[in-house]
Protein chains: 2
Amino acid sequence: MTKKDIVTELKPLFYPRAVSIVGASKSLLKIGSMTLMSIVVGQFEGGIYPVNRKGGKILGLKTYTDFKSLPGDTDLLVVCVPASSVAQVMEDGIDAGIGAAVIISSGFSEVGKEGKKLEDEVVRIANNAGVRFVGPNCMGICSSPVKLYPLMNMMMPRPGGTSFVSQSGTLGTVNMLVASNHGIGFNKFVSSGNEADLTAEDLLEYFAKDEDTELVLSFIEGLRDGRRFFEISKEATKRKPFIMLKAGATEEGARAANSHTGSLAGSYLINSIALKQAGVLKASNGTEMLELLKAFSLLPIPKGKRVGIVTPGGGAGVLAADACGKMGLEVPMLSEGLIEEMNKYLPSFWSHGNPVDITASGGIGGSDGADFSALTDSLELLLKSDEIDCAICMGVSFSDMMDSMLSNFPENLKNMLGSFTKAIEPIEKKFNDQLIVLKKKYGKPIVLMGIHESIPKSAMELEENGIILYSEPDLAAFALSKMAWYGDYLKQTTV
Amino acid sequence: MTKKDIVTELKPLFYPRAVSIVGASKSLLKIGSMTLMSIVVGQFEGGIYPVNRKGGKILGLKTYTDFKSLPGDTDLLVVCVPASSVAQVMEDGIDAGIGAAVIISSGFSEVGKEGKKLEDEVVRIANNAGVRFVGPNCMGICSSPVKLYPLMNMMMPRPGGTSFVSQSGTLGTVNMLVASNHGIGFNKFVSSGNEADLTAEDLLEYFAKDEDTELVLSFIEGLRDGRRFFEISKEATKRKPFIMLKAGATEEGARAANSHTGSLAGSYLINSIALKQAGVLKASNGTEMLELLKAFSLLPIPKGKRVGIVTPGGGAGVLAADACGKMGLEVPMLSEGLIEEMNKYLPSFWSHGNPVDITASGGIGGSDGADFSALTDSLELLLKSDEIDCAICMGVSFSDMMDSMLSNFPENLKNMLGSFTKAIEPIEKKFNDQLIVLKKKYGKPIVLMGIHESIPKSAMELEENGIILYSEPDLAAFALSKMAWYGDYLKQTTV
């Protein structure tokens with residue numbers, strides 16, 4: 001059998017005309033039923049054929065007692081039956097003409113020798129037929145171009161440009177959901193499970209070549225072929241960012257990874273140096289992964305690593321400068337000319353340097369009441385100059401914090417102070433609107449830092465306009481430093 | 001003048017019988033009015049005397065045209081007038097018998113030479129009268145034992161046992177608010193401002209000696225007397241934890257700190273080694289500060305650094321093990337005996353090691369529907385054994401995640417899936433209740449790790465029962481490692 005191009009080979013997996021699913025029943029809390037529900041809720045554009053020996057209807061859909069009675073061709077088979085029945089289901093599906101499968105069922109190599117035998121048998125059947133499959137022991141896949149979401153936990157993400165392969169189904173799906181809440185959309189997703197057939201390397205190669213994929217994300221415990229991963233990513237990162245969360249980086253983690261996926265996390269060439277050479281953006285935990293994803297999805301790539309900091313409070317400015325220092329960014333002194341320019345707009349007691357600290361008196365609670373124009377004026381002067389490449393500005397969410405505080409207060413005080421915070425909202429709105437104008441006008445990354453841990457009401461609108469709010473200056477600096485590094489990497493590789 | 005003991009000296013600051021405030025007016029968005037509103041809303045138990053030349057009522061309170069017309073003694077003076085008038089107000093207050101003052105007004109040494117002159121004059125007046133004061137250029141103070149909250153941004157925290165001195169007013173107050181949302185209460189707070197009279201060292205000495213203070217928190221950019229800080233904390237940390245966020249740790253941050261508070265961040269002996277010798281728990285950013293505060297407020301101190309990990313997903317187990325490895329915690333192998341004991345309760349395919357991975361099939365979506373008893377059973381066996389000192393368990397907030405996902409869904413799908421998540425809620429509730437039982441029964445720290453960034457509905461109840469949910473395994477491991485370190489420090493210093 002000649003090897004097909006991976007893009008052609010995986011077309012039935014990601015762009016099927018119809019899907020058959022085996023293992024759904026009337027008991028809604030079971031894996032098969034949840035997976036079917038996820039396909040239905042996702043509004044898959046092609047045919048949906050539940051195969052169930054008992055017949056009848058499930059979730060309002062007609063079921064088929066066997067593959068022979070299907071009303072048409074089915075490209076993709078989704079399997080949720082117990083492990084011992086999977087081989088037979090695969091054979092039946094192959095007879096009916098499937099081109100690819102997703103095996104969600106568990107109880108294979110991950111549970112020991114007996115399971116490994118069952119898994120080998122499934123691999124043999126699929127290989128003989130030239131059918132590629134995902135799993136077993138996985139949570140499912142997504143393909144937003146055809147609205148296909150067979151996910152056993154139903155955690156459908158927003159559609160978008162990021163494709164994601166995850167060696168952990170839970171971490172993968174939950175992170176997609178969190179990212180979706182930040183406006184990040186996903187093109188394709190694969191929970192790769194035991195990788196009995198399709199490996200993370202295969203899927204990364206597909207995503208690298210897939211024209212619908214703009215950014216590639218991965219959660220990796222261990223690779224079977226580190227050299228192949230290196231070659232794929234070195235080539236692909238010139239065209240699209242590769243973000244990778246590598247688990248098993250310590251002795252304790254590597255031991256756990258070996259137990260989880262049988263992978264030898266430390267035994268392949270995927271150390272930090274190799275990843276850097278290949279242009280891969282490494283995250284060391286889930287928070288970093290999400291922040292990189294947000295940054296590379298929403299921000300323009302900065303031309304360099306010189307950061308301008310704007311703050312209405314000195315303490316936050318110091319923490320932001322510390323964060324930049326830790327992450328290898330520069331917080332340059334400002335030129336005489338720029339300082340003189342700033343003097344025209346700022347109160348006399350501003351810091352006369354970078355961080356640009358207008359002090360609390362220059363912002364809310366100033367003697368003329370609340371106003372944030374000194375923040376946006378100084379931010380504009382920084383962005384306009386050729387002295388900085390990106391900016392960190394203290395975010396403004398006083399009204400959200402007040403709301404949060406008031407939630408613990410007695411009713412009469414709530415009413416009294418509620419009207420007060422209402423007065424601040426339009427001023428905050430004006431500030432945020434002005435940020436969006438500045439972002440569009442100058443095309444340099446603007447990130448906001450907050451202290452408040454929950455997402456303010458305004459964060460979503462800001463993020464949709466390409467401005468990210470970080471709960472912690474360290475995260476803002478982390479994201480900017482990785483972007484500056486990638487910008488530099490691109491310059492070097494394309495020379 | 002003989003030097004009084006600091007506890008006696010600061011009694012009028014933290015336990016005044018009455019407070020007079022100068023600078024409040026009918027314009028509610030001004031600093032003085034917000035500070036007065038904060039005192040009123042906080043329901044201060046003593047007399048509240050606004051002094052305003054124009055007379056009339058402010059916020060329903062009778063005002064006094066001068067200090068001579070006050071109805072009784074006033075121990076504390078709160079000053080919010082422009083810098084040029086502060087010296088006169090202090091003199092008037094001293095004539096009226098005040099024992100301490102909080103000067104919120106800005107425009108002093110932080111704005112240059114002219115301001116420094118005004119500040120020196122205020123110091124001279126106060127010193128001559130033996131009156132101690134906080135500020136100027138600060139955001140105010142709190143003292144929950146007398147319900148006193150003169151804060152210019154009104155961000156009153158919950159009452160409790162933590163006392164906090166912050167060299168940044170904004171960071172201090174916002175962090176108190178975030179901590180309050182996690183059930184952490186504050187005893188006293190001082191935004192120390194320019195520290196023209198009372199310094200962070202003075203306030204830390206007071207908190208060290210104050211019997212109402214159980215835990216001491218500080219945000220420090222620079223200390224005037226590092227040696228004194230070292231002596232105070234070395235003595236106090238034997239009795240109560242000292243948590244410190246030290247800003248200005250990099251060249252960039254130190255330069256910013258110098259500009260902010262004029263402090264020479266690097267010039268005193270407050271490096272990491274000295275802090276460790278003094279038993280101080282150092283945080284390097286706001287997130288770490290909050291996590292340490294939560295951990296030391298809510299968790300028992302573990303006897304050692306051996307961590308048991310329980311998870312329904314291998315990926316999260318690997319990340320948790322990695323996090324422990326990074327933070328210097330141990331993830332010990334389990335004894336044969338304990339593994340055999342586990343076999344009695346767990347599905348055959350569990351990981352047979354630490355992390356205890358019961359796999360997704362052992363938890364939600366298992367063939368028998370959703371149930372988390374395998375998680376709590378294995379957690380109990382770990383806690384009962386003498387092989388581990390503390391536990392990290394994957395938290396369960398599926399219903400919250402579903403709710404979050406559904407918020408983007410069309411109405412009909414919301415209704416369909418909403419009833420589904422409702423079915424899971426009682427199972428999650430049972431899981432959480434069982435955790436609380438285990439916490440009480442075994443007295444070892446239990447922390448949960450989540451992936452979801454927002455606080456689940458159940459987190460508050462769990463935290464009130466001494467179980468913390470971390471959004472990131474790295475944070476869970478960070479907090480546990482610091483607790484284990486402090487436990488060890490206490491053993492060594494009390495031998």
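Two strands count as paired if DSSP finds at least two bridges between them; strands themselves are DSSP runs of E, at least two residues long, while helices are runs of H or I with at least four, and both are numbered from the N terminus. One pairing to look for is Ser20(A), whose bridge partner in strand 2 of chain A is Tyr49(A).

A word on the model: it is predicted, so to speak of a local feature takes pLDDT of at least 70, side-chain atom pairs count only at pLDDT 80 or more, and totals for chains, interfaces and linings use all residues. Residues are numbered from 1 along each chain as its sequence is written, with chains lettered from A and ligands numbered from 1 in the order in which they are written.

Back to the sheet. In chain A, five strands pair in parallel in the order 2-1-5-6-7, and the sheet is open. Strand 2 (47-51) and strand 7 (132-134) of chain A sit at the edges with a single partner strand each, so one side of each has no neighbour in the sheet. From one strand to the next, the twist averages 20° (axes are lines fitted to C-alpha atoms, for helices over the stretch in contact, and angles between N-to-C directions run from 0 to 180 degrees).

Zooming out, chain A has 19 helices and 18 strands, and its C-alpha atoms fill a box of roughly 80 × 60 × 40 Å along the principal axes. Of the 495 residues in chain A, 60% are buried, meaning that 20 or more other C-beta atoms, placed from the backbone, lie within 10 Å of the residue's own.

Chain A splits into domain 1 (6-297) and domain 2 (299-493), with bounds from an automatic or database domain assignment. The centres of these two domains of chain A, taken over C-alpha atoms, are 39 Å apart. Where they meet, eleven residues of domain 1 of chain A are in contact with 13 residues of domain 2 of chain A (contact means C-beta atoms, placed from the backbone, within 7 Å). Helix 11 of chain A gives the largest share of the domain 1 side, five residues.

Then there is chain B. The contact draws 77 residues from chain A and 78 residues from chain B.

Conventions
Buried ≥ 20, exposed ≤ 12 C-beta atoms within 10 Å, placed from the backbone. Contact = placed C-beta atoms within 7 Å.
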